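Look at the chain shown here before reading on.

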Amino acid sequence: MSTPASLLDYLSLALSTLPGQHDFAVQVVRSQPRRSHALFPHASNLKTKIWQEEVLILLKERAPGAEEPRLARVPVAALEANVYTIPATGTSLVYVSKVDTSGLGSSSPSPTRTLVAAFVEHTLLHPPHETRRVRVHVFARAQGQYLFPGSVENKEKRVLDDKGLIRWWKATLALAAKNVPPTPAPVQLFYLIPGLSYADSLPYAPDSSNATPAWSYGHPYAAVPSPLHLASAPPAPLTDHIPNFPDDPKARFITSLTSSAVASAGAPDDYDELVAALSVRTLNAGGASASALEALNLERARERTRFLDGCEGGVNEWWERMAFRQECCSGTLVAFFVVVRDGEAAEAPSVAPKPETAAVGHTIFTKLWSQFHNVDYARPAIEKCRAAADKWEHDVELVVRSEGHDPRSEERRVGKECSQGV
């Protein structure tokens with residue numbers, strides 16, 4: 001079996017195909033796997049082990065004519081994703097939580113679609129930790145800025161409205177799926193705009209009659225098995241289908257249905273933090289806090305019952321009611337996308353996945369993430385932005401070296417000179 005291309009190599013190769021003259025640097029920072037208790041907090045089997053990682057991809061560009069290659073590069077696009085692995089079923093869920101541009105780039109065409117499509121395509125071709133089933137989730141919600149504070153002030157930044165963003169995501173995911181062969185497992189594409197029928201959605205997300213693979217309008221939960229169960233298992237309850245991603249309206253809806261006092265996924269004091277804190281107390285107290293952990297699990301079981309009783313119609317009722325949630329009916333269209341590539345998944349031991357190359361600890365990743373976001377990306381502050389971007393790149397290299405890795409394994413420069421096609 002040939003060694004799969006690394007994500008960094010894959011992104012670099014894709015960016016090198018862009019027409020025109022470019023000088024890009026792409027960098028990938030990822031965290032080491034850690035247990036997740038918030039992805040399916042009310043699952044029918046709370047003992048199923050789930051592992052979570054974060055990925056941050058930054059694309060920088062050197063301005064034409066700039067003298068100092070490194071200091072002259074400015075961030076132009078970024079992607080943030082959460083990766084969840086379920087070893088027992090050989091399944092990976094990848095949530096692309098944020099994609100953004102800074103408006104500081106000069107390349108035409110924009111490299112953002114190429115970067116995002118290459119990330120999704122690589123995920124489908126080489127699922128994390130060699131799992132056999134992979135699902136990529138996207139929640140499309142228009143906003144002026146996501147990853148680059150102050151960038152909304154840049155006139156060069158093209159901010160899409162709700163309809164434009166939905167069309168962009170549908171075209172980008174279709175591009176990624178088109179380049180994935182149908183064997184050994186075909187790609188399935190799903191999208192849903194809450195509150196709209198299929199016919200009503202077409203003006204905002206038009207279908208192509210010859211698109212391959214074709215899109216299905218609606219949720220995927222009736223068409224694909226639960227990530228927590230093998231395909232041969234009986235139909236799973238709603239609680240085993242709906243993932244709780246960070247900053248996701250589905251997670252907040254679940255919290256409201258269960259009347260839970262615990263924050264939804266990704267927020268401070270969510271189930272991940274709560275279970276981790278109680279587990280540490282249990283170890284430090286020699287088991288004296290085990291009763292607190294047991295009480296938490298009992299409360300999660302009670303919340304599961306409230307969840308199921310509150311949505312007796314299952315996944316179809318769930319999505320009907322999602323259309324009436326404030327985040328889905330405030331006058332701005334939003335869309336949910338799911339890309340599925342499910343191969344045959346044999347039962348596997350529930351063991352922790354090995355960290356990817358040059359992965360850093362979660363605490364260090366969080367510090368680097370905060371450092372990246374604590375920058376003004378507005379054009380008047382571009383000199384400070386360049387210096388901050390250079391320091392961030394330097395700090396990432398130091399961290400990677402301190403972890404015993406080669407920093408070159410986390411960054412690639414992509415240079416190309418060619419004439420623009422007519």
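E393 has a relative accessibility of 2% and therefore counts as buried, a word used here for under 20% relative accessible area, with exposed meaning over 50% and partly exposed anything in between (1.4 Å probe, protein chains only). The model is predicted, so local features need pLDDT of at least 70 and side-chain atom pairs count only at pLDDT 80 or more, while totals for chains, interfaces and linings use all residues. Residues are numbered from 1 along each chain as its sequence is written, and side-chain values use heavy atoms, leaving out hydrogens and water.

The side chain of E393 forms a salt bridge with that of R73, at 3.6 Å from N to O. Because E393 belongs to helix 10 (residues 382-402) and R73 to strand 4 (residues 73-86), this pair ties together parts that are 320 residues apart in sequence. Helices (H or I, at least four residues) and strands (E, at least two) are DSSP runs, numbered from the N terminus. A salt bridge is a side-chain nitrogen of Lys or Arg within 4 Å of a carboxyl oxygen of Asp or Glu. R73 is also buried, with a relative accessible area of 5%. In general, side chains of opposite charge can pair when their charged atoms come close.

The whole structure holds 20 salt bridges. One of them joins R141 and E327, whose closest N and O atoms are 3.6 Å apart. R141 sits in the loop between strand 6 and helix 3 (162-178), and E327 in the loop between helix 8 and strand 9, 186 residues apart. E327 is partly exposed, at 22% relative accessible area. E327 also meets R252 in a salt bridge of 2.5 Å, N to O. That pair links the loop holding E327 to helix 5, where R252 lies, 75 residues apart. R252 is partly exposed as well, at 24%. Together, R141, D247, R252 and E327 are linked in a network of salt bridges.

What surrounds the buried residues of helix 5? They pack against strand 6 (133-140), helix 7 (290-310), helix 8 (314-322) and strand 9 (335-342), a contact being heavy atoms within 4.5 Å. Seven of the 10 residues of helix 5 (residues 249-258) are buried, so the helix is largely enclosed by the rest of the structure. Among them are F253, I254 and L257. After helix 5 comes S259, with a positive phi near 55°.

The chain as a whole has 10 helices and 10 strands. Of its 422 residues, 52% count as buried.
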